[in-house]
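We'll go stop by stop.

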Amino acid sequence: MKRIMTAMLAAFFIVAAVTNARPAPNGQLDQILNNMQKAAADIKTIYAKMDQVKRDAQVGGSEKYSGEIFFKHAGKDNDKVRINYFVPHGQKIWIDGDKIILYQEATGTAYISSRRAQAAKNGEYAFVATPYKSVPDLKRQYNIVYVGDEGGLAKLELTPKAKSSLQKLTLWVDQGIWLPTKYEVVESNSNITTFTLSNLKINGAIPDRNFSPDYPAGTKKVNR
């Protein structure tokens with residue numbers, strides 16, 4: 001479930017991490033967060049392709065994943081997310097409000113949990129449980145710094161203020177649409193997971209049925 005939480009981190013940072021931003025005076029950072037806040041306020045749906053690479057600092061090498069993300073803001077505290085993985089084939093994630101379902105075709109199993117339960121196990125992801133009230137908590141937990149532009153994207157670094165299983169989060173913000181399109185999560189063991197979003201489509205029609213689990217009948221269900 002840990003990899004699922006890092007995928008959720010990317011999905012929710014698209015909109016939730018800036019929706020209620022109240023940035024303190026901090027020059028360029030203040031301007032970037034304000035622009036992100038304005039852009040996020042108008043977003044109802046997002047579709048994007050996702051590439052994910054995890055580099056293992058201990059054993060070397062990397063694991064690569066790819067898929068697509070659907071996001072829909074259906075109302076206060078009611079966000080819907082679906083992630084279809086192309087690699088590994090047959091793996092899907094559904095998030096509907098508080099509920100999380102991870103389906104693995106290879107094992108014929110659906111793992112069922114909640115955002116609050118996972119946030120309780122992983123304190124640094126606590127904002128995922130209540131994304132539209134998250135920014136004040138995020139600022140209490142992290143120092144947020146604008147470190148400059150890179151490849152035309154504004155680069156923001158978030159470092160924990162207290163002991164954490166994460167060393168650093170980095171966001172690259174597209175200044176044309178003022179949304180993060182690349183994310184890097186550095187864990188305390190120096191493992192690095194990078195998410196890159198492409199082919200973003202904002203406020204397109206996404207039917208609610210897209211967010212209804214469609215795993216086969218007879219799937220084994222495991223609560224976590």
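Which residue in E2 is the bridge partner of Arg-55? Select Ser-62: that is the partner of Arg-55 in E2. Before moving on, note that this is a predicted model, where local features need pLDDT of at least 70, side-chain atom pairs count only at pLDDT 80 or more, and totals for chains, interfaces and linings use all residues. Residues are numbered from 1 along each chain as its sequence is written, and side-chain values use heavy atoms, with hydrogens and water left out.

**Stop 1: the whole chain**

Colour by secondary structure and you get 5 helices and 12 strands. Helices (H or I, at least four residues) and strands (E, at least two) are DSSP runs, numbered from the N terminus. Of the 224 residues in the chain, 50% are buried; buried means under 20% relative accessible area, exposed means over 50%, and partly exposed is in between (1.4 Å probe, protein chains only). The chain exposes about 10,300 Å², with carbon and sulfur atoms supplying 49% of it. Those areas come from the Shrake-Rupley method with a 1.4 Å probe, and for residues only the protein chains shown count as cover.

**Stop 2: the sheet**

Now select the strands. They form an open sheet of 12 strands with mixed pairing, in the order E7-E8-E9-E10-E11-E1-E2-E3-E4-E5-E6-E12. Two strands pair if DSSP finds at least two bridges between them. Find strand E7 (142–150) and strand E12 (220–223) at the edges: each has a single partner strand, so one side of each is left without a neighbour in the sheet. On average, neighbouring strands of this sheet are turned by 20 degrees against each other, direction ignored.

Go back to strand E1 (residues 45–55), which runs antiparallel to E2 and is joined to it by 11 bridges.

**Stop 3**

Zoom to E8 and E9, an antiparallel pair with 6 bridges, joined by a hairpin through 5 residues. On the E10 side, Leu-169 has Val-185 as its bridge partner, and E9 and E10 run antiparallel with 8 bridges between them. Their hairpin has 4 residues between the strands, and there Trp-178 takes a positive phi near 55 degrees.

**Stop 4: helix H3 and the cores**

Axes here are lines fitted to C-alpha atoms, for helices over the stretch in contact (heavy atoms within 4.5 Å), and angles run from 0 to 180 degrees between N-to-C directions.

Next, select Met-36, Met-50, Ile-83, Ile-93 and Leu-156, which touch the most other members of the largest nonpolar core, a group of 35 residues. Helix H3 (residues 28–41) gives this core its largest share, 5 residues. Apart from it lies another core of 6 residues, including Trp-94 and Ile-112. A nonpolar core is a set of buried Ala, Val, Leu, Ile, Met, Phe, Trp, Tyr and Cys residues joined through side-chain atoms within 4.5 Å.

**Stop 5**

Is Lys-80 buried or exposed? Lys-80 is buried, with a relative accessible area of 12%, and lies in strand E3. Its side chain makes a polar contact with the side chain of Asp-96 (3.0 Å). A polar contact is a pair of N or O atoms within 3.5 Å; within protein, one must be able to donate a hydrogen and the other to accept it, and residues adjacent in sequence count only if both atoms are side-chain atoms.

Move to Lys-72 in strand E2, whose side chain makes a polar contact with that of Asp-208 (2.9 Å). Lys-72 is also in contact with Lys-80 and Phe-211, among others.

Lys-76 sits in the loop between strand E2 (62–75) and strand E3 (78–87), and is exposed at 70% relative accessible area.

**Stop 6**

Finish with Val-87 and Pro-88, joined by a cis peptide bond with omega about 0 degrees. Pro-88 is in the loop between E3 and strand E4 (91–96). Then pick Ser-190, with a positive phi of about 75 degrees, and Asn-199 in strand E11, with a positive phi of about 55 degrees. Most residues other than glycine have a negative phi, and most peptide bonds are trans.

Terms used:
Lists of a residue's contacts leave out its neighbours within four places in sequence.
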